[in-house]
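Below is a short report on one protein chain. Please keep the sequence and the 3D view open while reading.

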Amino acid sequence: MGSTQPLGAGAAWTDEALLRAVRTRLAAPPLTAGARALSFAGEHGALWIAGGLAASGVDRARRGRWLRATAVVAGAHLASMAVKRVVRRPRPQLEGWPPLARTAGRHSFPSSHAASAAAAALVYGRVLPWPPAVALGAGAAAMCLSRLVVGVHYPTDVLAGAALGALSAGAGRDWVERGRTPVSAVAAAGAAAMAQTSPGGAATRPL
């Protein structure tokens, strides 16, 4: 099968120009070394999933919440992989700027690193206190940027991955925080509404 490009010619040119600008301006060895380390740590969402599992072992009072949050992060990663199989956008190939890291697959859109990082920043950030949550968000942003620095994603790949991660975090928010799926939450609301009505259908009022 041929690859499918998610962008028109003009937008694709801009995407490539932005990637070239990032690689040109952030080509210092310390930056590229850090980007390669981040990219390696984020492969298959490993850094974020391991972090969530570790937190569930340390914070036993909220163990269930951490485990559910970790499942949402893993789900965001799997969702990105499914989209990649549909879109099948090739990895960037910039003349004079070869990739600095190996990749687990040859498809680029969306970035799975960005999806898992964004999901982790949002779902873990709601469990953590404010200062660590801010640090986590900064780490997730650095993870996203690292994929451009090492040259294995276009900017739109990263943006789409981050958006997918945010959507996954939003979809799983109620489950993470209360242990209820959206379906069970609706059912609970319906049961509560029925409990407030009399057998004849009129709402009961407290005396």
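Is His44 buried, exposed or partly exposed? At 48% relative accessibility, His44 counts as partly exposed. Buried means under 20% relative accessible area, exposed over 50%, and partly exposed in between (1.4 Å probe, protein chains only).

## Basis of the model

This is a predicted model: local features need pLDDT of at least 70, side-chain atom pairs count only at pLDDT 80 or more, and totals for chains, interfaces and linings use all residues. Residues are numbered from 1 along each chain as its sequence is written, and side-chain values use heavy atoms, with hydrogens and water left out.

## Backbone features in the loops

Most residues other than glycine have a negative phi, and most peptide bonds are trans. His44 has a positive phi, near 60°. His44 sits in the loop between H2 and helix H3 (46–58). Helices (H or I, at least four residues) and strands (E, at least two) are DSSP runs, numbered from the N terminus.

Arg88 also has a phi near 60°, and Arg88 is not a glycine. Its place is the loop between H4 and H5. Arg88 is buried, at 18% relative accessible area. Pro110 lies in the loop between H4 and H5. The peptide bond joining Phe109 and Pro110 is cis, with omega about 0°.

Rings of Phe, Tyr and Trp (its six-membered ring) pair if their centres lie within 6.5 Å; planes under 30 degrees apart count as stacked, over 60 as edge-to-face and the rest as tilted. By this rule there is 1 aromatic pair. Trp66 and Tyr124 form it, tilted, with 5.4 Å centre to centre and 55° between the planes. The pair links distant parts of the chain: Trp66 is in helix H4 (residues 63–87) and Tyr124 in helix H5 (residues 112–125), 58 residues apart. Both Trp66 and Tyr124 are buried.

Thr70 lies in helix H4. At 5% relative accessibility, Thr70 is buried. Leaving out residues up to four places away in sequence, Thr70 touches Ile49, Gly52, Leu53 and Tyr124. Contact here means heavy atoms within 4.5 Å.

## H5 against H7

Two packed helices are described by the angle between their axes and the distance between the axes. Axes are lines fitted to C-alpha atoms, for helices over the stretch in contact, and angles run from 0 to 180 degrees between N-to-C directions. The axes of H5 and helix H7 (residues 155–171) come within 7 Å and cross at roughly 40°. H5 and H7 are therefore oblique to each other (under 35 degrees is roughly parallel, over 145 roughly antiparallel, 65 to 115 roughly perpendicular, the rest oblique).

Ala114, Ala115, Ala118, Ala119, Leu122 and Val123 in H5 meet Val158, Gly161, Ala162, Gly165, Ala166 and Ala169 in H7. The contact residues divide into 10 nonpolar, 2 polar and no charged. Ala, Val, Leu, Ile, Met, Phe, Trp, Tyr, Cys and Pro count as nonpolar, Asp, Glu, Lys and Arg as charged, and the others, Gly among them, as polar.

## H2 against H6

Helix H2 (residues 29–41) packs on helix H6 (residues 130–149) at about 115°, with the axes 8 Å apart. H2 and H6 are therefore roughly perpendicular to each other. From H2, the contact uses Leu31, Thr32, Ala35, Leu38 and Ser39; from H6, Ala142, Met143, Ser146, Arg147 and Val149. These residues divide into 6 nonpolar, 3 polar and 1 charged.
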